[in-house]
Amino acid sequence: MDSRFSVWGGRGLLAFTVLLLAACAGYSGSNLQPGVATLADVVASMGEPAMSWKDADGSEQLAYPRGPAGTQTFMAFVGPDGKLQRIDKVLNAAHFARVQGGMTKDQVLRILGPSGSQWTQFYARSNQLAWSWLFCNSWNQQEFFDVMFDASTGIVHSTGQHPNLGGRDGSQPPCGQ
């Protein structure tokens, strides 16, 4: 084997590994420091948000769903001063508990971000719209959190959870796979 090839191959592998690790850090925003990072830094690191909301006080909330195979959505909160306040992981029991009957679609989106389009279903017979989010439960298994809306009004009717049985042989896949 040509020694120049193996030297460049090793350097290429090292460069690829460094870029991959840097991309992973930006994926969750873990490389961003609250109070220091700006809105521009958040977008440069995490990409364009799937959704964003501006509040009357000038603050902004940005949603970063990491699906369809990902099991997390990150919400970045930027203050009126343009500085990052915090980044929350929102696909967890504490945030699911905030979703209550009577809420609107927009209220749910502000808590959980958008669900995957492949996990949105309309049920004509019951006139219900279902949104689902893939997440990792406390046993490190993949599950879906479901929100059922009255399709006519867009108001939350109910919520629930069910296992993701999309693994081999219809089994529930562990997280990280």
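Helices here are DSSP runs of H or I with at least four residues, strands are runs of E with at least two, and both are numbered from the N terminus. This is a predicted model, where local features need pLDDT of at least 70 and side-chain atom pairs count only at pLDDT 80 or more, while totals for chains, interfaces and linings use all residues. Residues are numbered from 1 along each chain as its sequence is written, and side-chain values use heavy atoms, leaving out hydrogens and water.

Now colour by burial. Of the 177 residues, 36% are buried (under 20% relative accessible area with a 1.4 Å probe, protein chains only).

Next, select helix 4, residues 105-112. Its buried residues are Val 108, Leu 109, Ile 111 and Leu 112. Look down the axis: these four cover an arc of only 165 degrees, so they lie on the same side of helix 4 (the arc is taken from the directions from the helix axis to the C-beta atoms). Show their neighbours too: they pack against strands 1, 3, 6, 7 and 8 and helix 3, with contact meaning heavy atoms within 4.5 Å. Just after helix 4, click Gly 113, which has a positive phi of about 80 degrees.

Finally, move to strand 3 (residues 73-78) and strand 4 (residues 84-89), an antiparallel pair joined by 5 bridges; pairing requires at least two DSSP bridges. Pick Met 75 and you will find its bridge partner, Asp 88, in strand 4. Between the strands of this hairpin are 5 residues, and Gly 82 takes a positive phi near 85 degrees.

Technical notes. Buried means under 20% relative accessible area, exposed over 50%, partly exposed in between (1.4 Å probe, protein chains only).
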